[in-house]
Amino acid sequence: MNRNRRLPVLLAGAAGLVLAASACSSSGGRQEETATGADTPELTIAMITHEAPGDTFWDLVRAGAEDAAAKSGVTLEYFSDPEAARQATLIQAAVDKGVDGIAITLAKPDALQGAIDNAAAAGIPVVGFNAGIDHWQDAGLIEYFGTDETLAGEAFGERLDEVGAEKALCVIQEQGHVALETRCDSLGEAFEGESETLYVDGANMPEVRSGITAKLQEDADVDYVVTLGAPFAMTALDAVDDAGSDASVATFDTNADLVGAIEDGLVEWAVDQQPYLQGYLAVDGLWLYGTNGNVSGGGSEPVLTGPNFIDQDNIDSVAAYAENGTR
Amino acid sequence: MSQTLTMRTPGPGQGGSEKRERVGRRSPLRRFLARPEVGSLIGAVVVFAVFFAVAEPFRQAASFSTVLYASSTIGIMAVAVALLMIGGEFDLSAGVAVVTSALATAMFSYQFSLNIWAGAALALALALGIGFLNGWILVRTNLPSFLVTLSTFLMLQGLNIAVTKLVTGSVSTDNVSDMDGFASARAVFASSIPVGGVDVRITVLWWLLFAALATWVLMRTRVGNWIYAVGGNAESARAVGVPVKRVKIGLFMTVGFFAWFSGMHLLTAANGVQQSGEGVGNELLYIMAAVVGGCLLTGGYGTVVGAVIGAFIYGMTRQGIVYAGWDNNWIMFFVGAMLLLAVVINMWVRNQTSKR
């Protein structure tokens, strides 16, 4: 053991020289920043999601998490990977680090179970948020913050009935995502008209646009395009124009652009699951648990953050916050 | 830089394969520097040193075990991909083929109510079949492997999701964790073994075992010579009697076998449920590991040891950024920078040592 420990130190010293000589100063500066930035915060919390890079939704989640962390003097570390096995490894890394709490999205619960068990064994509290409302208790998480995707989908379907829609096109931007499938499925069940699901590649916006356009050209009966994320609603607007269709657009989730589009009457409504609130509550929940032993929802019920409809009637109260990047 | 190197060199790198050297009489240092994996070794030491200095948790044995695990998930496939690249070909379908194998095992077992091992055997046949198909199309058409495997990559990506949805009605497979044979499969593919007080994931051991085996094949057997010959110059290899086509098809099937193995790990580690949309992009990480380790894109050059180091660098970078608490949006940037650096060092070292 001793010998092993000395070798890395030697290597470190030798390579440190190499580093200095090759002017890799960016790592050096960063390193000092993290080292000296510590005002001895009480807790370190890791937030580990299944975010695919570049979706504005997660900016809102992070904004909420960071605000909660700043307010409570928590050091927040955010990591994400859309691939379940790698998300599990990230959780394992947080366990290795010995953080004081972990907030995770349970989009693919089975793959994360091993890492969650390791966290429990290490005595680290884990809370769930955003995805996994059906699994968080079985997985052994202490709290859950998010919406019930089934409820949200049904509410959406009922709203479609209210406005007298006849055929809805439900656009899924990520094939293989359980929560998104649930939204479209439960929407289809609650909606009395016809609904159809279209898969597009959300990482490739031009393809999203052309995919929706082609579908609208092919099927003129579609009078509502339903997207499952704010950026895709904006693209759907373009696609509706391209196709010369008179379909309306409504969506799940919001961002600043989308709030503007609702103000302008371009998008009919958005079902908001309040991502800012999810991020905020997840961090705050861990903080409360760590400092005062509180368990939000009592450990048996999820804490719901939606569904919350945003349309022309209440858009003004949301618009100001959207400017700040928190709605 | 070379000064640091001289201090480090005497032990590890030289062991394997003096026989293969083309360089004749040279000093031990020059001989060492001429090895394909030198660039990656320097890179590994630098990356290790950086994270060792910056990230306090990185120094713990448990963290190191997680780093090794992250490396092994890429590294097992990198072993096969390195062999294939030394043989002069790519396989872009390797990433999704892993997921295909996991899906196939789960679906065969569940739909036909088979023991997991029987499902796994069918999936193995499928994975080898995909490898065979890649190789067979390649040798029949003489198209570049980039195009052939790009096609199979895209087709498998679609099939994974379409067939899964068709069979299970959902985008992930039915849970097979309560079926016969799952527990033993899990023990083989996804268990942990305590080594000196630290739990080491079994994939790490498999990874090193496979790497040792592949190195032995490359360095000590006739097949190994064939692989280098086929990758170096297929025409001359054929002229001296090397069965070029069989070697290439065999290499693709080797990738298929390893894809099956990695797929079994994915499935058992995920408690018997496999998502159908995953694996895309991993093929480039395997290639990255092999290239960082000194494999040439043109074939005929490189080692499996290099690919192991390449995967290790990837694992360290990926997890090190987490341990250091840096923003993980930078992970891919660092992985890319590492690749560029390693490639440049490899080229520079090769030029230096071949000068006289």
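**Close-up views of a predicted two-chain model**

**Figure 1. The hairpin of chain B.** Strands β1(B) and β2(B) make a hairpin in which two residues lie between the strands. In the turn, Gly196(B) adopts a positive phi of about 60°. The structure shown here and in the other views is a predicted model. Strand β1 of chain B covers residues 192-195, strand β2 of chain B covers residues 198-201, and the two run antiparallel, joined by four bridges. Within this pairing, Pro194(B) is placed opposite Asp199(B) of β2(B).

Figure 2. The secondary structure of chain B consists of 15 helices and two strands. The C-alpha trace of chain B extends over about 65 × 55 × 35 Å along its principal axes. Buried residues make up 54% of the 356 residues in chain B. When contacts in chain B between residues at least 6 apart in sequence are considered, 76% of them link residues at least 24 apart.

**Figure 3. A covered helix, α13 of chain B.** Helix α13 of chain B, formed by residues 282-292, is mostly covered, since ten of its eleven residues are buried. Among the buried residues of α13(B) are Asn282(B) and Glu283(B). Just beyond the end of α13(B), Gly294(B) has a positive phi of about 105°.

**Figure 4. Two loop residues of chain B with positive phi.** Ser113(B) lies in the loop that connects α5 (94-111) with α6 (116-141) of chain B. Although Ser113(B) is not a glycine, its phi is positive, at about 50°. Ser113(B) has 10 C-beta neighbours inside 10 Å and therefore counts as exposed. A second example is Asn271(B), located in the loop between α12 (244-269) and α13 of chain B. The phi of Asn271(B) is near 55°, again a positive value in a residue other than glycine. Because Asn271(B) has 18 C-beta neighbours inside 10 Å, it counts as partly exposed.

**Figure 5. Strand β1 of chain A and its two partners.** Strand β1 of chain A comprises residues 43-49, and five of these seven residues are buried, so the strand is largely enclosed by the rest of the structure. Strand β2 of chain A (residues 74-80) runs parallel to β1(A), and seven bridges join the two. Between β1(A) and β2(A) the chain passes through helix α3 of chain A (residues 56-72), giving a right-handed β-α-β crossover. Strand β3 of chain A (residues 101-104) also pairs with β1(A) in the parallel sense, over four bridges. Met47(A) takes part in both pairings: its bridge partner in β2(A) is Tyr78(A), and in β3(A) Met47(A) stands opposite Ala103(A). In a regular strand, the side chains alternate between the two faces of the sheet.

**Figure 6. A cis peptide bond in chain A.** The peptide bond that leads from Gly306(A) to Pro307(A) is cis, and its omega is near 0°. Pro307(A) is situated in the loop between β11 (303-304) and β12 (308-311) of chain A.

**Figure 7. The two domains of chain A.** Chain A is divided into domain 1 (40-147 + 276-306) and domain 2 (149-272). A distance of 29 Å separates the C-alpha centres of these two domains of chain A. Their contact involves eight residues from domain 1 and 14 residues from domain 2.

**Figure 8. The largest nonpolar core.** The largest nonpolar core contains 223 residues. The residues with the most contacts inside this core are Ile91(A), Val171(A), Val283(A), Val79(B) and Val81(B). Helix α4 of chain B (residues 61-86) supplies the largest share of the core, namely 16 residues. Domain 1 and domain 2 of chain A both give residues to the core, so it lies between them. Apart from neighbours within four places in sequence, the contacts of Val171(A) include Leu198(A), Val200(A), Ile212(A), Val225(A) and Val226(A). Val171(A) is also in contact with Thr227(A), Leu228(A), Phe232(A) and Ala236(A). In soluble globular proteins, nonpolar side chains tend to be buried together.

How values were computed:
Residues are numbered from 1 along each chain as its sequence is written. Chains are lettered from A and ligands numbered from 1 in the order in which they are written. This is a predicted model: local features need pLDDT of at least 70, side-chain atom pairs count only at pLDDT 80 or more; totals for chains, interfaces and linings use all residues. A residue is buried if 20 or more other C-beta atoms lie within 10 Å of its own, exposed if 12 or fewer, and partly exposed in between; C-beta atoms are placed from the backbone. Two strands pair if DSSP finds at least two bridges between them. A crossover is right-handed if, with the strands pointing away from the viewer, the path from the first strand over the helix to the second runs clockwise. Two residues are in contact if their C-beta atoms, placed from the backbone, lie within 7 Å. A nonpolar core is a set of buried Ala, Val, Leu, Ile, Met, Phe, Trp, Tyr and Cys residues joined through C-beta atoms within 7 Å. Domain bounds come from an automatic or database domain assignment.
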